[in-house]
Amino acid sequence: MAEPRQIIYLDTVDSTNRYARRERLPAGTIVYTFRQRAGRGRLGRPWLDIEGKNLALSVIFDAGAGEASFWRIALLSLPMAALLKALSIHQVWIKWPNDILAGGKKIAGVLAETVMEENHMVKIIAGIGINVNPTAAELALIPKPATSLYCETGRLQEMRHFAEGYITLLAELMDEELPVPMIRQRWLTESGTIGRSVEWASPAGPVRGHAVDVDEKGLLHLETATGIIQIAAGDLDIK
Ligand code: BT5
């Protein structure tokens, strides 16, 4: 990289993804906080933040040559999965398209959003939210099974130290500038999705199948009773 990477720490912000868009942060920048007041997930869903106990971090990418934004999500989830495994957390799975699970419960989620200019996608802002120190009681506010590093290990993390450890791994992976086939290979190795029976919440109702592949466009190939279907988005339950 020609210029040093800019890393911005904010004491508090509405949403790191929104901040990156508002401030027109350049590609390569990382912005993070431990106090995100109005974090969001996909489809306008809220992302819960327990003040001072969650890491919210966004990265700005150039849109590139039209690579699927799914692989930018993978760049954030792969180092997180590695970090969780290094802390001896068991059953760490990356669940297509954007969740990281520990023991079947959500410990982190990623949201990728596009920035358009004159009908062209110019940037992708990818943000990750990670439950670091919340207790089980604090996470009980979330309607779906959720966990934190603290719940999984019984140890509190020093937030700044944890964030720096993650950012180091993330920046290393970004600097590798791997082509999609190589990121995909790593994702397929790490993911807990492929080879499992899943249920996809399709707009027309639940569809059961066997997850057989994620292709270079980031599409999930699901083998169902009526043949293989390709899915671009949605929520999966791993059975
Ligand atoms: C996501 O959406 O999982 C993407 C979350 C991305 C958050 C980051 S934080 C930095 C950046 N700035 C932002 O404003 N956002 C990004 P989705 O798959 O739609 O999941 C949302 C659902 O997860 C909610 O409807 C809840 O059921 C659940 N949820 C909410 N907060 C949670 C939490 N802290 N831990 C686990 N699950 C949570």
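Two rings of Phe, Tyr or Trp (its six-membered ring) are taken as a pair if their centres lie within 6.5 Å, with planes under 30 degrees apart counted as stacked, over 60 as edge-to-face and the rest as tilted. Tyr9, Tyr32 and Phe34 form one aromatic cluster. The model is predicted, and local features need pLDDT of at least 70, side-chain atom pairs count only at pLDDT 80 or more, while totals for chains, interfaces and linings use all residues. Residues are numbered from 1 along each chain as its sequence is written, and side-chain values use heavy atoms, with hydrogens and water left out.

Across the whole structure, a search gives 6 aromatic pairs. The ring centres of phenylalanine 70 and tryptophan 71 are 4.7 Å apart and their planes stand at 80°, so this pair is edge-to-face. Phenylalanine 70 is buried (under 20% relative accessible area, where exposed is over 50% and partly exposed in between; 1.4 Å probe, protein chains only), its relative accessible area being 7%. Tryptophan 71 is also buried, at 1%.

Charges over rings come next (NZ of Lys or CZ of Arg within 6 Å of the ring centre and within 35 degrees of the ring normal). Tyrosine 9, a member of the cluster with Tyr32 and Phe34, has the charged end of arginine 160 over its ring, 3.9 Å from the centre. Over the face of tryptophan 93 lies arginine 196, at 3.9 Å from the ring centre.
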